[in-house]
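Student: Can you walk me through this one? I'd like to start with how the chains meet.

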Amino acid sequence: MTQSDRNKLFLTLIGVALALYTLWPTFQFYSMPPEQRQEVLQARPAAATNEVERERLTKLTKLREKAIKLGLDLQGGMYLLLEVDRSKLGPAEARNAVDQAMRIIENRIDQFGVAEPSIQKQGDNRILVQLPGLLDQERAKELIGQTALLEFKIVKTDEETRATFDRIDQYFARRASGGAGTDTTARPWTSRFLSVAQGGESFALVENVAGIDSMRAQILADSSFVLDASLNWESHESEREGRTGRAFHVLSREPLMQGKDVASAQMRLDLDQDRPGAPGVSFTLTTRGGGLFADITGANVGRRLAIVLDNRVQSAPNISERIPRGQGSITGSFTEEEAQDLAIVLRSGALPAPLSIVEERTVGPSLGQDSIRSGLKAAAFAAVAVIVFMVIYYQLSGVVAVIALALNILGLLACMAAFKATLTLPGMAGIVLTIGMAVDANVLIFERIREELRNKKTVLSAIETGYARAYRTIIDANVTTLLPALALMWLGSGPLRGFAVTLSIGLIINVITAVGVSKMIFDAWSLRRKVNTISI
Amino acid sequence: MFQVLHGINVDWMGRRHLAYIISGILVVASLVSLIAHGGPKYGVDFTGGSALEFSLNPTPGVDDVRSAVESAGFSGAEIQQRLDRPAEFLIRLGVQQAGTDPAPAVEAALRGIAPNMAVELLRVETVGPRVGTELRSAAVKAVLLALGLILVYVAARYDWRYAAGAVVALFHDVFITLGVLSILDREITLTVVAALLTLAGFSINDKVVVFDRIRERKQSLRRESPERIMNLGINETLSRTIITNGTVAVSTLSLFLFGGDVLRDFSLAMLVGAVVGTYSSLYVASALALELQLRTEKSGPSRKR
């Protein structure tokens, strides 16, 4: 072995060692039992309660970050492309709307507890949200898409409520009689309620809700009928005298305070003294909000304050005294999950503009598992077929090509881990194709060497000429193959980009392993003994 | 030495008119199928709409699924039961029916088929109409960009006539693959477009290897006619062409057989492309380069003389 051969061998060994080192976390991670892997996926050091726990979770997070990530199509998850509707915003608002929406979505998702979500801006009015892993699709979509207009309004007194109901009755009675004479006894609106104006709320049975809704819509649509009040359902059904229905509130028209005045909010189980363990939300207001709140509560002691989310009353607690320090709570008939979501909405504020989902790709976890299994099977089969062929056809030289192929795949995976690339199903297809294509360089070289041997060259010069001549062809051939892969990288998002990346890295490493490494093996072998035969 | 295809001496260029006839037939057949089907059959990616995949156990009849989907207000949905996995159903909704989020309504309706039936959502793909149009134009741009880059690179490294021959051959490969997919009534999805680009990459690889050998022979055998030099180049690289395309075809075949449903159209396109690409490397690319050469160098076999 000459000095330069020894150097090359040394470099190769370092490369292999580096690749193995880079892939070690990936190996560790994917050889774990599924429950433990789930724990690693969910690990959030921020959620730790003590130092030991935090350290452990940080370690798990690092492991997760260093392992090759699986795409949504393999591990299951959601891919959502959202579009921000800026048509109702002024130019200044529109400029910030997308960034603001992104921050809010980030905030909400973060609290939703998804490991490794990805939120990216695309173009100038789109947001790409990727949520890997198992999760409740509908809840996630609701949480992301909710416009969530949060307002605080004073509940009208019972007298005011009755006056409002009377006006509405008269309105509909007049419309029914065609404007001629008014029947003051007709109660088309009030008669739909089971009870009216009792302690700040009215109540309608479930079967009457739709009818009331349509009447309310008619009132709102008629601009000639101005009502100095806002008509709102409670967000959840409840029972009166053993019958199911919904409470209805007449509220002040203008909100006294809005969601942006809230600084923080938490779900708590100890807010309602009458029902210990019932989920509720406690919140802290901003300085401005705190001042407003003190004024509102001070001026309205004894009345009810409605917390209205997207036009539905979440809760309407009694104001028992002036609340000076900007602390408050919302209780009601929440489930724990609902209280959690309300707290999230309170904390992260309202979206500045409505969002719509323009593209969705969801893969269930079982299909992902299936895809991994079939991808591995296809890769194994392709590898065996190619190895068997190469060894039979080129004999010992075929073994050299197979070593080069193995190093190629190893290098490809190591690069993916190092660049934090994501392995998608098309990416797996890319690896399988790389297995088929990677031997090409060696086939070119070996065919060339055979030709030179047929031209009665010595083994050594046949190897030299074979490599030298084939080298140029290999470069040109690989560059031209790379070009469409680059075009694809530009076209694709998500899984397809994964495919293009895999294919491109595979091609580049291929030139190194198939030409460099295999040449090194040939040199080492042919120079040591003065060979005059070659197994090819 | 164990080898096949050694010492082959085929007069490819002498019979190039045969290739024109074969290619002509393939292109016309593709064109007829594409016209008969009203263009390529675009998948949800390009048309917009929804594709939902559910696994239902115990398996109901297709008609039960259809009436459930219709009862949820999605009339005219296309429903397919998988042949290899009868418990899985693919439900396709057009862009008008799908709205923004059809999955929950469809799932609820399916649960209504039988109380004891397990309903599992395998996959949802919903693409809005605008995104569909954008993806379509991006796909066309990517294919044109890829071909353009190849044209420029080959022209710079070799000769514009070779570049033109190669790009026409690539168009030929991609078009015939589209035609075969159309004849088999397969959908064109984003993944299939990825396959088309990849097969273009693999196919140009082959052509470059042949061109490279032709260029080498042109330098060593200056007195030979262009036809003979091309024949030599093709024949001398023939075993490599067959072997490499063989290993690629084996990989693609194993993807097709074992890679699962999601990759089936991808691997089918690759497989067709590998076969057509091999043929066009042998015949189409070089033959076209030769035609151009003969036409532009009427005065003599080489420009330099």
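**Where the chains meet**

Student: How many bridges join strand β16 of chain A to β4(B)?

Tutor: This is a predicted model, where local features need pLDDT of at least 70, side-chain atom pairs count only at pLDDT 80 or more, and totals for chains, interfaces and linings use all residues. Residues are numbered from 1 along each chain as its sequence is written, with chains lettered from A and ligands numbered from 1 in the order written. Strands here are DSSP E runs of at least two residues, helices are H or I runs of at least four, both numbered from the N terminus, and two strands pair if DSSP finds at least two bridges between them. β16 of chain A (residues 355–363) and β4(B) run antiparallel, and the number of bridges joining them is five.

Student: Which residue of β4(B) does R361(A) stand opposite?

Tutor: Look along β4 of chain B, residues 118–127. Opposite R361(A) you'll find E125(B).

Student: Which element gives the largest share of the side of chain B that touches chain A?

Tutor: Contact is C-beta atoms, placed from the backbone, within 7 Å, and 56 residues of chain B touch 60 of chain A. β4, α6, α8 and α9 of chain B each supply at least two residues of that side. With 13 residues, the largest share comes from α8(B).

Student: Where does α9(B) bend?

Tutor: A bend is the angle between axes fitted to the seven residues ending at a residue and the seven starting there. For α9(B) that angle is about 50°, at L238(B).

Key:
Contact = placed C-beta atoms within 7 Å.
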